[in-house]
Amino acid sequence: MNRILVCDDDKEIVEAIEIYLQQEGYEILKAFDGEEAIQILEQGEVDLLIIDVMMPRLDGIHATLKIREKSSIPIIMLSAKSEDSDKILGLNIGADDYLTKPFNPLELVARVKSQLRRYTKLGNAAESGGVIYQSGGLLINDDLKEVTVDGELVKLTPIEYNILLLLMKNQGKVFSISEIYQKIWNAEAIGADNTVAVHIRHIREKIEINPKEPRYIKVVWGVGYKIDKV
Amino acid sequence: MGNTHYSNAFKTVAALLQMVFLIIVIVVFSLMVNLFGRSMFTLSDVGTDSFFDSSYYTNILSNELVDLGNYLQLQGVRERSEKDTIKYKQYKMQFDEENSNLYYWYENSGNIRSNIEIENKYQKKEILDYAKSLGSYLYYDDSRISFEGNIKGKSYYFQRNILRLFQNSGENGGLIVAVDMHLPKDDGIKEAADTYYTYFPWIESGVFLGILSAMCFVLFIIYLTLATGRNDEDEKIRLYRMDYLPMEILLTVFLLYISILFAFCAKLGQRSWDIASSLILAGTLVVISDGVLLTIYLSLVRKIKADIFVSTSLLGWSVRTVKKRMRLQPYKRGTVIRMAFIIAAALFFAGEAFGRGQWWGYAGLLAEIIVAGTYILSQENQRMEILSGITEITNGNMDYKFVESDYTGECRIMAEKINNIGMGLSNAVEENLKSERLKTELITNVSHDIKTPLTSIINYVNLIKMENIQNEKIQNYVDILEKKSMRLKQLTEDLMEVSKISSGNIELEMQTINMVELIYQTGGEFNEIFEEKGLTIITRLPKEPVMIFADGSRLWRVVQNLYNNAAKYALKDTRVYVELKVEEGWAEFSMKDISEQELETAPDDLSERFVRGDESRGTEGSGLGLSIARSLTNLMGGTFEIHLDGDLFTVSIVFPCIGL
């Protein structure tokens, strides 16, 4: 059973998260500010930390910095700050995920699961052998034609698979719709339409927890799509 | 009120009549002048009807007396030249008792000459009585040097003619002249009398007619003066286009015309004209002149009536202009003095140089030209600098400052003032930005504070839903709670975005992007949402990439908002047209859909903050979507337009294309 520490100065939020995660069978520890969270972490085994940014005494950012000095447990940051810069800051100082308030509790649960899977199961994936492409928790085994996200198998159609493979093989490169069309369908994109974009969205819906805020397949608006090297 | 007398018909008739009367006056006048010229008539004759009382008679008699004098003198000369002999014979015939109505009796140094044949023709007294009996007589007594008689207007000329005859007379010298008033004989006097009696009645009625016509003419002119510009309908003065001409021009034309007329008449007078052609000529001249002069006169009258006499005049204009300039810039008086000084100096130098040929006059003039030229150029230069500075400030560089010490004179004052204005402006702008920033900060903080309790609401609503409630009512309530809490979430996020955009608190990552790609990408995101609502997207895009310069994710936000808008508000089971056109270097993206609800809002208001097409409906959406789209588009340098045609809702975004 995984132990999860939930830290927020708002008691009701902590309790709500507790209920959701307990339903999934996790054991919950509670803290109401950064210092308390650090104390609990020092006392015993914790598998994952959910921490709010704005808190009295010690805020989430500084707490995370301190925790990262000793521990590498997955940290999901919660914040009412929805700016890109806030997210980037959080991820840069060591958070593994960033969720803005108000959040969908089910999304939080999914993200917790994903983080825990990566933390516990990752590493053995590479052992299965074959040609493997990886970006974060996303893995493609081209020999087995298998796609896993945080260790969980994802079912894709052949076209979706080919598109994802193309992007995974060329991480960091941006492909335009017509390029993807040419590469996948082996045909000139005559009067291209939404097809490619629809496929991409379908892939996103399958591999992303929140397709609207994709972690893997990024849309470069007006240019194309890409998967970043992680 | 005499209103009804100002109709156009009245005025036309008056104008015609005054002309007729004027012609009569002129004709009468010229006839008079003609008669005066021939001394047939003088003003003092008015009222007399006898030839012998008229000055014409006096004149005729006076001429006769000259002849008589010459005749008497010639009689006393023994040796006469040939020419004098002829004259003498003529006079003898003229004054022969058989031919002449004029009788004379002349005594000088005892010699008596006379054409009077009566018994006692040597008795002066008898003669005098006889003369008196004839009617018109004159008697000069040389011994007493006295005149007597009943001939009117015994002029000095008259007397001198007579006195001439008695240069060395003795005692009892004298002259008696008498005219038989019955004029029994055909001589000059008789002829003159006939002429007089032929013309005189005409002259009298002519004078009467002339005076009457003149009075009528004056009356009509007075009427026209009163009536011009007025109308029966109202009290307004109606003006013609010529009335706006400066009065100086009108007066000049007036005077010029008169002088030309006089010159012309004088020229005509040098030639002799027969009656018919002179009448035609005079008539034509009168008609034209009357027309021209009356027109100008009435125009001047109208000017006075409308009170624009001074204001439209050149004089008034210049006075006004000068006054205005002086009032607007009182400190310009210095300039005036300076100008006066420069001109005076220039005149002085010019006088010395060209008038007296002084070398230093030339030098002074040259020096003045150089100094004045340099001054003007430097001022001009400074003015240009200030102008470019002002342009700079107008273009948004509010921190632009003039270095005041670089300027002199008025330019320096200008520079100082503009610096002050610039400072005020940039302060105001800064103040404004600061308050916008504060507002954004406030909104951001409040949003954060709202989000925390909102998180709990969403979480607990979700928890209630997970409780598997059977009660439909409660299920319904929870659904509403869920919807509203999601809306609240959307609202806070949009609010923050709007405040950030409007305070300019966002950084754009401008890059070259393909509009076609972006529309396909967006289409891919939305196709299922549209399908759910039964909306069909008809996309018409060019095959070639359309490159524009924009922030991709911001533009996506714009297009996303438009698609969202269509998804939310388009009528179910209709088509939505998405089009991208390239025309003359502009890329126009447009989206057309048929609104589900009647749109009662003005198109521009739709993209105002918090305005939705359906203000009564309380569904999802904050009403900020179009406002955000518009603001972002404008920030990226595009234009955003909404057009409503009935239920057809069209939104278009235009960006400049960039070449590939």
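Q: Which residue in β3(A) does A:Leu5 stand opposite?
A: A:Leu5 sits across from A:Leu49. Strands here are DSSP E runs of at least two residues, and helices are H or I runs of at least four, numbered from the N terminus. Bear in mind that this is a predicted model: local features need pLDDT of at least 70, side-chain atom pairs count only at pLDDT 80 or more, and totals for chains, interfaces and linings use all residues. Residues are numbered from 1 along each chain as its sequence is written, while chains are lettered from A and ligands numbered from 1 in the order in which they are written.

Q: How many bridges do β1 and β3 of chain A pair over?
A: Four, in the parallel sense, between residues 3-7 and residues 48-52. Pairing takes at least two DSSP bridges between the strands.

Q: What order do the strands of that open sheet come in?
A: In chain A the order is β2-β1-β3-β4-β5, five strands with parallel pairing.

Q: Why do β2 and β5 of chain A each have one side without a neighbour in the sheet?
A: Because β2 (27-31) and β5 (97-100) stand at the edges, each with a single partner strand.

Q: Switching topic: how many helices and strands does chain A have?
A: Eight helices and 11 strands.

Q: And what share of chain A is buried?
A: Buried residues are 41% of its 230; buried means 20 or more other C-beta atoms within 10 Å of the residue's own, exposed means 12 or fewer, partly exposed is in between, and C-beta atoms are placed from the backbone.
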